Amino acid sequence: MAPSKYYDVVIIGAGFSGVYLTYQLRKLGFSVHVYDRAPSLGGTWRFSRYPGARVDSPVPIYEFAIPEIYNEWNWSERYPCWPEIQEYFEFVDRKLEISKDVSYNTAVTGASWSDNTQTWTTTLASGEQIDSQFFLPCIGFAAKKFIPDWPGFESFKGTVVHSTDWPADDVSKGMDILKGKKVAVIGTGSTGVQIIQESGQVSDELTVFQRTPNLCLPMQQKKLTPEQQDAERPEYPEIYKFRYKSFGGFPWTSFERDLFEDTPEEREKQFDAMYERGGFHFWIASYRDILSNKAANDEVYNYWQKRSAARVNDPEVAELLAPKVAPHPFGTKRPSLEQNYFEQFNKPNVHLVNVNKTPIEKIVPEGIVTADGKLHEVDLLILATGFDAVTGSWKLLSITGKNGITIADKWAAGTSTYLGLSVAGFPNMFYTYGPQAPTAFSNGPTCTQIQSDFIVETIRTMRENNIRSLDAESSAELDWTKDINESIKDTLFPLAKSWYMGANIPGKPIESLNFVKGIPLYSQILNDVHDQSLPGFIKA
Ligand code: NA7
């Protein structure tokens with residue numbers, strides 16, 4: 001049998017974390033290899049390429065805080081779309097030469113820890129095995145798609161596509177697939193909103209199946225010029241530092257006061273300003289208590305409702321898209337950033353179906369039948385039904401730690417981690433942008449940089465101190481997990497049925513999947529753990 005390959009570090013995933021970790025670990029002299037099922041660098045951006053897919057965090061936050069990258073790269077828009085992000089990753093690759101240490105089109109099926117050799121063995125779909133001292137799953141939070149199981153899918157004569165499987169030939173043809181068709185979009189999360197905005201403009205007919213309205217906010221997209229970016233570039237280092245002071249890792253923070261400290265007139269003025277500034281300002285650069293005080297949240301919702309409903313001509317449609325009674329507290333589901341979403345529903349070719357009143361009953365050869373017996377004719381059925389988010393990506397792999405225990409066994413009744421980047425019984429495994437970290441309450445580049453810096457420093461410290469393995473203590477894991485699940489109770493998040501809490505997947509445990517206390521505290525905790533010689537870990 002051929003001897004296994006060996007690297008100091010094996011990484012799964014060539015997105016923001018995989019690139020950043022490879023770059024930093026290589027500089028310290030570690031041998032690193034990355035495996036990714038995609039054909040090139042970019043992580044989720046190799047799969048999120050449906051019409052209208054773009055990021056909801058502005059640049060220069062949504063990029064690597066690496067000078068040789070940000071000093072040379074220019075974006076064309078404040079919120080870039082997927083083709084530009086793919087080009088960006090190609091530029092990053094040319095500058096940092098990441099690909100020389102990546103195997104593309106290579107799926108990993110699992111990995112297991114050996115107590116005897118104190119190493120991980122990663123297994124590829126081909127059966128090949130690779131040994132390493134460290135195993136870093138950087139698998140993102142949206143790798144496992146969710147498709148509800150309506151009867152009759154197999155009988156459908158048209159095309160069915162989940163947002164994450166957008167056909168490659170259509171991408172190269174410039175979204176021809178939407179043109180001149182009867183399109184149905186099921187789901188109005190961030191993905192649904194983005195697809196609807198594109199489809200409403202080019203499809204013959206567009207029927208949107210909505211269960212919960214999206215409390216989406218104006219993106220206020222802006223074109224950017226290289227000259228503008230040259231002028232602002234000297235400020236980037238300060239902006240990157242500021243992220244660590246902001247709840248979501250953005251270049252802004254919430255006000256230092258509660259909502260009811262202001263008069264109604266002052267509040268209205270503030271709401272106007274936040275709404276007009278666009279993006280997430282209205283959500284997390286506003287009064288500090290809107291995600292914990294229901295009465296304050298109601299005020300925010302009422303303002304949003306009036307602004308949004310005013311953009312829709314038909315009062316019945318307006319009431320479905322922006323109902324007078326909030327479907328859930330504002331901002332307890334990540335708001336989508338829209339550009340002309342509400343206006344789509346003023347067009348004669350765009351129709352809205354409320355699936356709470358008339359649920360989807362079955363799929364038939366000609367389209368979708370709802371509970372009122374109506375057939376909605378469809379040529380192209382787009383499933384924007386989301387993901388088994390945060391923990392779902394882990395279900396695609398078989399990861400075995402000490403004593404033959406798998407992650408699936410361990411998390412069957414609920415997720416448990418230490419610091420949102422390690423799991424007791426899985427020594428030398430560190431992950432990024434996953435469960436019990438700021439993940440969904442932040443943005444990818446910021447969260448992954450904070451975690452990756454900690455991981456790199458930890459691996460370096462281990463090498464310097466001859467520590468062969470590091471495993472989270474069960475008691476530390478218990479405390480972290482307890483705090484994750486307790487702290488969410490001080491917020492309004494549990495009041496929404498969302499993927500933040502695992503509530504979008506039938507049968508999935510309802511729990512807090514993210515660290516809700518913000519980036520400043522999270523990064524402080526990681527710094528303290530590092531400075532205090534890694535408390536909560538067993539060193540061997
Ligand atoms: P989301 O946010 O999970 O949205 C999925 C949508 O699909 C949402 O509107 C769901 O309604 C809807 N859905 C799911 N199941 C059904 C059924 N059975 N019937 C009707 N509608 C259904 O996924 P996205 O892809 O939009 O976004 C995921 C995140 O990835 C996003 O926040 C970005 O940050 C990246 P519901 O709201 O549950 O009532």
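Predicted model: local features only at pLDDT ≥ 70, side-chain atom pairs only at ≥ 80, totals over all residues.
1. Gly278 sits in the loop between α8 and α9, the latter covering 281–284. If you set aside residues up to four places away in sequence, Gly278 touches Pro218, Met219 and Gln220. For a distance to keep in your notes, take Phe247: it is 31 residues from Gly278 along the chain, and the two C-alpha atoms are separated by 17 Å.

2. Next, Ser246, which belongs to the loop between α7 (236–242) and α8 (264–277). Is Ser246 buried or exposed? Its relative accessible area is 1%, so it counts as buried. A polar atom of the Ser246 side chain lies 2.9 Å from the backbone oxygen of Trp252. Trp252 also turns up in the contact list of Ser246, together with Thr253, Ile519 and Pro520, once neighbours within four places in sequence are left aside.

3. Another serine to look at is Ser469, placed in the loop between α14 (444–464) and β18 (470–472). Its relative accessibility is 6%, which is under the 20% cut-off, so Ser469 counts as buried. Which side chain makes a polar contact with the side chain of Ser469? That partner is Gln118, at 3.1 Å. Beyond four places in sequence, the contacts of Ser469 include Trp113, Gln118, Pro427 and Asn428, and Met462, Ile538, Lys539 and Ala540 are in the list too.

4. Now the ligand site. The ligand is surrounded by 20 residues, and the closest are Thr188, Thr191, Arg211, Thr212 and Lys333. Sorted by class, the shell holds 9 nonpolar, 8 polar and 3 charged residues. If you are setting up a pose check, here are some polar distances to oxygen atoms of the ligand. For Arg211, a polar side-chain atom lies 2.8 Å from a ligand oxygen. For Ser190, the atom is a backbone N or O, 3.0 Å from an oxygen of the ligand. For Ala384, a polar backbone atom is 3.3 Å from a ligand oxygen. As for cover, the ligand taken alone exposes 790 Å², and the protein buries 84% of that.

5. On to the hydrophobic packing. The largest nonpolar core has 125 residues, and the members that touch the most others are Leu136, Phe282, Trp304 and Phe537. Which helix gives the most to this core? It is α3, residues 82–96, with 7 residues. There is also a second, separate core of 21 residues, with Phe135, Leu397, Ile399 and Trp411 among them.

6. Some backbone geometry to check before you run anything. Val59 and Pro60 are joined by a cis peptide bond, with omega about 10 degrees. Pro60 is in the loop between β2 (32–35) and α2 (67–70).

7. There are positive phi values as well. Ser533 is not a glycine, yet its phi is near 60 degrees. Leu534 is not a glycine either, and its phi is positive at about 65 degrees. Ser533 lies in the loop between α16 (518–531) and β19 (537–539), and Leu534 is likewise found in the loop between α16 and β19. How do they stand on burial? Ser533 has 49% relative accessibility, so it counts as partly exposed. Leu534 has 3% relative accessibility, so this residue counts as buried.

8. Last, Ala309, which is in helix α10 (residues 294–309). Why does Ala309 count as buried? Buried means under 20% relative accessible area, and Ala309 has 19%, so it is in that class. Leaving out residues up to four places away in sequence, Ala309 touches Ala318 and Ala322. Thr370 is 61 residues from Ala309 along the chain, and their C-alpha atoms are separated by 26 Å.

Note on methods:
Residues numbered from 1 in each chain as written. Heavy atoms only, no water. Helix = DSSP H or I, 4+ residues; strand = E, 2+ residues; numbered from the N terminus. Buried < 20%, exposed > 50% of the residue type's maximum accessible area, 1.4 Å probe, protein only. Polar contact = N/O pair within 3.5 Å; in protein donor to acceptor, adjacent residues only side chain to side chain. Contact = heavy atoms within 4.5 Å. Near = heavy atom within 4 Å. Areas by Shrake-Rupley, 256 points an atom, 1.4 Å probe, with all protein chains shown as cover. Nonpolar A, V, L, I, M, F, W, Y, C, P; charged D, E, K, R; others polar. Core = buried A, V, L, I, M, F, W, Y, C linked by side-chain atoms within 4.5 Å.
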